[in-house]
Amino acid sequence: DSLESLVYAMRATLSPEVSDSERKAATAAIREYQSQPECFMGFVSVVSNAEDEALRMQAAVLLLQSMSHWTNLGQDDKNSAKDALLNALFSDPMPLVRRNLGVAVAVTARRELTTGGWDAFLPIMHQAAESDEPRAREVAFSVFKRLVRFFGLNEPAFFSQLAPLWVNALTDAGSNEVRIDAFASLAAMTAYFEEEGDFASFEPIFPQMLQTVVTFVEANDESKAVVALGVLEDMLQITPTFVATLWPQLVQFNVQLIQAGKEDITKRALSSLAKYVELKPMLLLKHELVSDVFNAAFTCIAEEETDIDEGNSIPSNAQTLVDTICLRIGPSHTFPLCMEAASQYLADSVTSPHTIRGGLMILAMSAEGCQAYMREELETLMNAMMPHLSSSAPLVRDAALMVLYQFAEHMRPNIHDYHRIVIAGSLDGLSEDLLSSRMNAARALNSFVVFLENEVLAEYLENIMSGYVGTIVGEPESLE
C-alpha cells in the first residue's frame, strides 16, 4: 500500500536509529512519491490521522510542497481534502502544524473561491472568527490575513464580510494573536486602494489600529507591538497616495511610544521614524515635528549601551535617525538644534560617560548633513571633541574617534589645519581594545591622508606606516 510505504519512509527520515543509507533511501522514496498527484491525498491523510506529532508536522510541510498537484485532483478528492484540511486546521493541538495547514487552506481557498468551488468556506471561517474559543478565532484570522495578500480587493464580497470582523477583532479580549492578525489584514488591505473613496472608509479605523499597539504595550507584549510597528511601516511604504494623511499621526505616535521606555519598542520606533523621515522628509517641517523627533532621538542617543560593537541598540538607532534628519532636511533647520543638544551633553559639568558619548555622537551624525555650517564652526567643534580622545572611558574615546572619522570625511579642506590632532588621535586609536574604535581610527586616517598635501604627509609617513603594519596582524578582515 502506497500510504503505508509513505508513512514508513517518513518515520525512517525522523528516526535517529536508522543508518545514513536508509535515511537517504527513505528521503528519495518520499521525493518520488511527491512527484505523483496522489501524494496530495496521502499527505492529507497523514496530517489528519497520525497520532505522532512529528509525523503530522512533516506531513504538513510536505503537503505545502505538493500544492501544485491540486489541479490534478478529481472533484471528489478535492471535496474530501477541503473537509479534512479544515477539520485538521481547527483540531490539531500543535501551533506549527496549524500554521502550515493554515497556509495550505489559504492557498486552496484562493484557487477554489475564484471559481466558486468552495461555498462553505467563508461561512465556516466567519463562524470560527466569532467563536468563544480563542484558538478557533486565531486560526480564522490567521487564514484571513493570508487571503488578503492573495485576493487584493478583487473579491468585494470577501472584504465586505471580513472588514467588520477585522475591526472588531482589534479589541479581542482573549487573544493578542487575533488582534495582530486582524491588524495586519487591515494594513495589507490598503495596498490595493486605488481611489480616495477606498481610503475614506479606512481612515476612521486607523486610530483604532494605533490604540491596538498601545494595548500591546500596556500588556507588556513587546513582541506584538514591534510586529505591529513593522506592519505600519510597510503599510506607509506601499500606500504612497495617502502618506500625507497618515504620516504625521504615525510620527507623533512613534515619538510617544519612545517615551514609554520599553527597550524593543523604542528601538523599533526609532527605526520606523528614520524610515518615515526618509520617505517624506519635508513633512517634518510642514507639521512642525523636527524638534519633537530630534528631542526623542537626543534622549535615546545618550542612553546606556552595554555593547558598543552591537549594531541594533537604542543609541545606534537614535544615531541613524539624527543622521537621516540632517541629511534629508538640511542644515538651516537641523544645525542649531543639534549644536544646542551637543553643547548641553558636552558641558564641563557633565560627568556621565553615556551622556558625553551621546553629545559626541550628535556631532558625528550631523557632520555630513550639516557640513557647510560645521566647517564654519570647526575650531569650536574640535575644541569640544579633543579632550575626549584621552578620556578614561572607552566608550567616550570610541565616540570621539567616530567624530574624528566623520570630520576627516566631511570637513575638508578645513580639517587639514588640524593634521597633528587627527593623525595623532587616529594612530592612538589603532591600539584601542574596542573593534569599533580601531575601525573609526583607521577610517579617519584613511579619509584624512588621501587629500593631505604630500609635504605635510611626509612628516608623518613613518609613524602612519608603522601604525598600519602593527594593526594588520591578527585583525578581522574588514579592518585589515
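**Loop residues and helix packing in a predicted model**

Asn 220 lies in the loop that links helix 12 (206-218) to helix 13, where helices (H or I, at least four residues) are DSSP runs numbered from the N terminus. The structure is a predicted model, in which local features need pLDDT of at least 70 and side-chain atom pairs count only at pLDDT 80 or more, while totals for chains, interfaces and linings use all residues. Residues are numbered from 1 along each chain as its sequence is written, and side-chain values use heavy atoms, with hydrogens and water left out.

Backbone geometry is a friendly place to begin. Most residues other than glycine have a negative phi, and most peptide bonds are trans. Asn 220, although not a glycine, has a positive phi of about 60°. Its relative accessibility is 55%, so Asn 220 counts as exposed; here exposed means over 50% relative accessible area, buried under 20% and partly exposed in between (1.4 Å probe, protein chains only). Glu 288 also carries a positive phi, near 55°, and sits in the loop between helix 16 (282-286) and helix 17. With 69% relative accessibility, Glu 288 counts as exposed. A cis peptide bond, with omega about 0°, joins Arg 412 and Pro 413. Pro 413 belongs to the loop between helix 23 (394-410) and helix 24 (419-429).

Helix packing comes next. Two packed helices are described by the angle between their axes and the distance between the axes. The axes of helix 13 (residues 222-238) and helix 15 (residues 263-279) cross at roughly 5° and come within 9 Å; axes are lines fitted to C-alpha atoms, for helices over the stretch in contact, and angles run from 0 to 180 degrees between N-to-C directions. Helix 13 is therefore roughly parallel to helix 15 (angles under 35 degrees count as roughly parallel, over 145 as roughly antiparallel, 65 to 115 as roughly perpendicular and the rest as oblique). Residues making this contact (heavy atoms within 4.5 Å) include Leu 229, Glu 233 and Leu 236 of helix 13 and Arg 268, Ser 272 and Tyr 276 of helix 15. The contact of helix 13 with helix 15 comprises 9 nonpolar, 4 polar and 6 charged residues, with Ala, Val, Leu, Ile, Met, Phe, Trp, Tyr, Cys and Pro taken as nonpolar, Asp, Glu, Lys and Arg as charged, and the others, Gly among them, as polar.

Helix 4 and helix 6 (residues 95-113) pack with their axes 9 Å apart, at an angle of about 20°. These two helices are therefore roughly parallel to each other. Among the residues making the contact are Met 57, Val 61 and Leu 64 of helix 4 and Val 97, Asn 100 and Leu 101 of helix 6. The residues of this contact divide into 10 nonpolar, 1 polar and 1 charged.

Two buried loop residues complete the picture. Ser 66 is found between helix 4 (53-65) and helix 5 (75-91), and counts as buried because its relative accessibility is 1%. Beyond neighbours within four places in sequence, Ser 66 is in contact with Gln 34, Cys 39, Phe 40 and Phe 43. Ala 302 occupies the loop between helix 17 (290-301) and helix 18 (314-329), and counts as buried at 16% relative accessibility. Leaving aside neighbours within four places in sequence, Ala 302 is in contact with Tyr 345, His 354, Thr 355 and Gly 358.
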